[in-house]
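Q: I'm new to this one. Can you walk me through a few spots, a bit at a time?

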Amino acid sequence: MTDRHDLPAGFRWGVSTAAYQIEGAADEDGRGRSVWDAFCERPGAVKNGDSGRTACDHYHRWREDVELMRELGLDGYRFSIAWPRVQPTGRGPANTAGLDFYDRLVDGLLAAGITPLPTLFHWDLPQALEDTGGWLRRDTAHRFAEYAALAADRLGDRVPAWITLNEPFVHLVYGYALGIHAPGRALLLDALPAAHHQLLAHGLAAAELRARGLDVLIANNLTPVRPASDAPADRAAAAAYDALHNRLFTDPLLLGRYPDLSAYGVGPDLHGAVRDGDLALISAPALAGLGVNYYNPTRIAAPAGPGLPFAEAPIDGVPRTHFDWPVVPEGLHELLLTLRERYGAALPPVTVTENGCSTDDTLDDTFRTDYLAAHLDALARATADGIDVRGYYTWSLLDNFEWAEGYSQRFGLVHVDFATQRRTPKASFAWYRDLIAAHRAASAAPRPAGGR
Ligand code: BGC
């Protein structure tokens with residue numbers, strides 16, 4: 001049976017983090033205010049009134065964190081660059097002191113034999129841009145391209161591949177449609193221009209990155225959508241949800257068009273946001289890779305009444321994470337096969353840029369080890385089925401600031417005591433380290449005849 005030990009030679013092992021979730025140092029070296037700084041100050045917005053002001057203090061402790069990554073034997077580290085450190089107000093010249101931090105980090109990673117994989121936007125928009133409309137405003141896409149160029153000019157000599165955006169779907173829905181995340185706007189379907197402007201930002205930034213000879217990826221949150229039953233109404237509802245969650249960001253990138261959103265009463269211009277030439281820019285030229293963030297599948301039924309054209313149905317009979325998310329490793333295999341079926345030759349190589357789970361506060365995190373092992377087994381089955389998967393970056397290296405959940409959800413291979421900032425590797429850390437070492441040794445060894 002195919003399992004994680006069969007992942008191809010050269011497969012890249014990594015961990016993923018994001019700036020606001022780990023860095024802290026909110027006021028240091030000229031960093032500007034981000035939408036998350038503002039959101040965390042709203043009473044009741046974040047559990048326990050938590051914020052990322054200090055988080056894991058990674059800004060000061062990054063050497064220790066790189067050392068942990070070296071111990072893991074990682075090939076790559078996916079982190080995000082805080083836009084407000086680079087451009088405190090989201091426009092204008094670079095703040096050199098802010099870029100210096102990433103410069104030091106990149107050098108530290110390279111010295112540890114780890115390839116840096118930065119994400120340019122993991123939800124921390126400079127508040128000054130939000131004040132002029134944020135992602136609802138087309139100009140923000142142009143500002144993003146400017147910022148991408150500044151970051152690439154400083155780091156592009158050592159950083160070969162870049163991720164433009166993290167999970168534009170989640171940012172759209174949580175940040176602009178439901179108001180659960182920063183910037184806390186609850187516009188429902190009126191939020192859709194924020195989808196287009198994020199994609200436009202990707203396209204404009206991709207052009208800047210490619211002009212500098214750099215590879216471009218984007219990371220999205222994708223989910224296999226399962227209808228609650230075979231009934232036509234449930235199937236139609238599932239298709240409508242799939243269009244929103246999976247196709248809204250992937251179809252324009254890979255096919256150069258928006259999916260059918262007529263179930264939402266929305267036309268192909270997304271409330272007038274789309275202009276001539278935008279889709280050509282968003283879809284061309286080809287992405288070097290598609291980042292897939294996978295956590296769980298989604299089960300969808302027909303809605304009970306008017307409103308949205310779908311209703312979420314529970315997934316029963318499976319283990320659940322501390323976050324209460326269902327654990328369905330097979331969903332990753334299913335998702336990747338669906339992507340190939342849907343996009344065929346237009347599907348670029350895939351990298352799993354996030355996958356992981358929150359567990360309760362314990363160092364013996366067998367639950368996490370089991371979760372990771374099962375998902376990597378599913379990933380190996382996808383590669384055996386011919387999907388070109390280049391790597392796996394688990395979420396996350398450290399327990400960190402889990403957005404609206406504050407510090408109550410722990411996703412780390414490494415436990416963080418937030419009172420002392422003490423890092424303690426959990427059992428899953430040793431397990432991941434040993435898996436990486438075993439895979440690397442097996443990849444280097446000559447394959448026995450007839451063996452795998
Ligand atoms: C995000 C991360 C987040 C993780 C767990 C993803 O949606 O990219 O920032 O911490 O899931 O919720």
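Q: Is R410 buried or exposed?
A: This is a predicted model. In it, R410 counts as buried, because its relative accessibility is 12%, and the cut-off for buried is under 20%.

Q: Where is R410 found?
A: In the loop between strand 11 (389-395) and strand 12 (414-417).

Q: And which backbone oxygen does its side chain reach?
A: That of V416. The R410 side chain comes to 2.9 Å from that oxygen.

Q: What else is R410 in contact with, leaving aside neighbours within four places in sequence?
A: C357, S358, T359, D361, R368, D399, H415, V416, F418 and K426.

Q: Which residues does the cis bond with omega about 5 degrees join?
A: A182 and P183. P183 sits in the loop between helix 8 and helix 9 (193-211).

Q: Let's stay with helix 8. At what angle do the axes of helix 8 and helix 10 cross?
A: Roughly 130 degrees. Helix 8 covers residues 168-177, helix 10 covers residues 232-255, and their axes come within 8 Å.

Q: What about Y176, buried or exposed?
A: Y176 is in helix 8. Its relative accessibility is 1%, so it counts as buried.

Q: Which side chain joins that of Y176 in a polar contact?
A: The side chain of E130, at 2.9 Å.

Q: How far apart in space are Y176 and F401?
A: They are 20 Å apart, C-alpha to C-alpha. In sequence, 225 residues separate them.

Q: New topic: helix 12. What should its 14 residues span?
A: Helix 12 (residues 330-343) should span 20 Å, because each residue counts for 1.5 Å and the expected span uses one less than the number of residues. The end C-alpha atoms are 20 Å apart, which agrees.

Q: Which of its residues are buried?
A: G331, L332, H333, L335, L336, L339 and Y343.

Q: What do those pack against?
A: Strand 6 (225-227), helix 10, strand 7 (289-293), strand 10 (350-354), helix 13 (366-384) and strand 11.

Q: What follows helix 12?
A: G344, with a positive phi near 50 degrees.

Q: How about helix 5? How many residues does it have?
A: Helix 5 (residues 96-111) has 16 residues. From first C-alpha to last, helix 5 reaches 22 Å, close to the 22 Å expected.

Q: Which residues of helix 5 are buried?
A: G98, L99, F101, Y102, D103, L105, V106, G108 and L109. The cover over them includes helix 1, helix 3 (58-72), strand 2 (76-80), helix 4 (83-86), strand 3 (115-121) and helix 7 (139-155).

Q: And which residue with a positive phi follows helix 5?
A: G113, with phi near 80 degrees.

Q: Which residue other than glycine has a positive phi near 85 degrees?
A: W123. W123 lies in the loop between strand 3 and helix 6 (127-130). At 3% relative accessibility, W123 counts as buried.

Q: What's the phi of H271?
A: Positive, about 60 degrees, although H271 is not a glycine. H271 lies in the loop between helix 10 and helix 11 (278-283). At 41% relative accessibility, H271 counts as partly exposed.

Q: Now E28. Where does it lie?
A: In the loop between helix 1 (19-22) and helix 2 (35-41). E28 counts as partly exposed, at 31% relative accessibility.

Q: What does E28 touch, not counting residues up to four places away in sequence?
A: Y59, H60 and R85. The side chains of E28 and H60 are joined by a polar contact of 2.6 Å.

Q: Last one: where's D57?
A: In the loop between helix 2 and helix 3. D57 counts as buried, at 13% relative accessibility. Leaving aside neighbours within four places in sequence, D57 is in contact with I22, E23, Q421 and R423.

Methods: Residues numbered from 1 in each chain as written. Predicted model: local features only at pLDDT ≥ 70, side-chain atom pairs only at ≥ 80, totals over all residues. Heavy atoms only, no water. Helix = DSSP H or I, 4+ residues; strand = E, 2+ residues; numbered from the N terminus. Buried < 20%, exposed > 50% of the residue type's maximum accessible area, 1.4 Å probe, protein only. Polar contact = N/O pair within 3.5 Å; in protein donor to acceptor, adjacent residues only side chain to side chain. Contact = heavy atoms within 4.5 Å. Axes fitted to C-alpha atoms, helices over the stretch in contact; angles between N-to-C directions.
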